[in-house]
Amino acid sequence: MERIQLTEDLSFSRIIHGLWRLGEWELTPAERLDLIEQCLELGITTFDHADIYGGYTCEGLFGEALALKPELRERMQIITKTGIKLTGDFHPGQKLNYYDTSKEHILESVDRSLKELGTDYIDTLLIHRPDPLMDPNEVAEAFVELKESGKVRTFGVSNHTPAQQSLLQSRLPFMLVTNQLELSPVELKHFEDGSVDLCHENEMPLMAWSPLAGGALFKDAELSPLRDKLEEVGKEIGARDIDEVAYAWLLKHPARIMPIVGSGKIERIESAVRSTKLELSREQWFEILKASRGRDVD
Ligand SMILES: NC(=O)c1ccc[n+]([C@@H]2O[C@H](COP(=O)([O-])OP(=O)(O)OC[C@H]3O[C@@H](n4cnc5c(N)ncnc54)[C@H](OP(=O)(O)O)[C@@H]3O)[C@@H](O)[C@H]2O)c1
């Protein structure tokens, strides 16, 4: 599996495994460990978490599995996120969901993530959503402290516009390493709003969340022209299913997009890996773009 270099001493696997839905998969700790090991065998060494996934439970489920074979930690890269505070048992009395990128919250949430994951370092910490009340100086202070303590190796953002990303970058003594965005043949806006371009300009690889539109690609009626086109192109390039074509469409982009696979089913994870061998022509790429937008290029 191809690797994408983020810094001199940190690389991610081209395909990343996402753990947002881990709690829904109803796996025993041994089955969770088995899934992690199968990913590693396929060359998927990078795992995407967030403190809030599964109502603050997914990091712990992963950590519980990892504890069965702690030596695997050195073979993987762990990404997690901070900056959202959800209501519920975890925050009794909190009236609504809100964002919190204060230094205090970032430090607290990283300590909790480390404990839940059962690790003493996080490879990449992302600010999950742009916080309108973000004080970039305060975030920078938190990041510098986390880096100096060895708790976090590198930092990035998620769902940030180019201006929001640049604002935070302007206060940091080191480079952000990625922006994790919703990117797929269904969700095209970040290809057009400068988000992908800014990362490309800075030679910063991007992560694509919901690369299959969260499963909508397979069922939404209005996506049937896109589905048909993915099937047609799939036949031309030897793909087994449309998911492979959707991943291949993202992989063709020169900005070095790393799709995050959201399924816990090994055969679907294998499809993502197979997609790295597929090659779309420029014409096929534009055919898929056209089927998604419903119109030709101008
Ligand atoms: N930064 C952010 O704000 C953000 C937001 C959302 C997600 N994420 C990250 O991105 C990761 C991936 O997101 P995602 O889970 O939405 O990814 P996705 O791959 O677009 O969607 C996964 C969903 O599609 C279904 N699916 C996959 N292949 C299928 C097939 N061949 N036929 C029918 N259904 C199929 C899966 O069902 P099965 O489970 O049954 O396979 C699952 O429900 C998450 O785990 C998380 O790490 C980040």
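The shell around the ligand in this predicted model comprises 9 nonpolar, 11 polar and 6 charged residues. In total, 26 residues surround the ligand. The closest are Gly18, Trp20, Gly215, Gly262 and Ser263.

The protein that holds this shell contains 13 helices and 12 strands. Its radius of gyration is 19 Å, close to the 19 Å that the globule rule gives for 298 residues, so the protein is as compact as a globular protein of that length. Along the principal axes, the C-alpha atoms fill a box of roughly 50 × 45 × 40 Å.

Two packed helices are described by the angle between their axes and the distance between the axes.

The pair α10 and α13 spans residues 224–237 and residues 282–293, respectively. Their axes come within 8 Å and cross at roughly 165 degrees. Angles over 145 degrees count as roughly antiparallel, so α10 is roughly antiparallel to α13. The crossing of α10 and α13 is right-handed. On the α10 side, the contact is made by Pro225, Leu226, Lys229, Leu230, Val233 and Glu236. Helix α13 contributes Gln284, Glu287, Ile288, Ala291 and Ser292. By class, the contact of α10 with α13 has 6 nonpolar, 2 polar and 3 charged residues.

Helix α11 covers residues 242–252, and helix α12 covers residues 266–275. The two pack at an angle of about 40 degrees, and their axes are 8 Å apart. This angle makes α11 oblique to α12. The crossing of α11 and α12 is right-handed. From α11, the residues Asp243, Glu244, Tyr247, Ala248 and Leu251 take part. They meet Arg268, Ser271, Ala272, Arg274 and Ser275 in α12. The contact of α11 with α12 divides into 4 nonpolar, 2 polar and 4 charged residues.

The remaining pair to be described is α3 with α4. Helix α3 runs over residues 58–66, and helix α4 over residues 103–117. The packing angle is about 35 degrees, with the axes 7 Å apart. Glu59, Gly60, Phe62 and Gly63 of α3 make the contact with Ser113, Glu116 and Leu117 of α4. The residues of the contact of α3 with α4 comprise 2 nonpolar, 3 polar and 2 charged.

Note on methods
Residues numbered from 1 in each chain as written. Predicted model: local features only at pLDDT ≥ 70, side-chain atom pairs only at ≥ 80, totals over all residues. Axes fitted to C-alpha atoms, helices over the stretch in contact; angles between N-to-C directions. Helix = DSSP H or I, 4+ residues; strand = E, 2+ residues; numbered from the N terminus. Parallel < 35°, antiparallel > 145°, perpendicular 65-115°, else oblique. Left-handed = near helix turned anticlockwise from the far one by under 90°. Contact = placed C-beta atoms within 7 Å. Nonpolar A, V, L, I, M, F, W, Y, C, P; charged D, E, K, R; others polar. Near = placed C-beta within 6 Å. Rg over C-alpha atoms; globule rule 2.2 N^0.38 Å.
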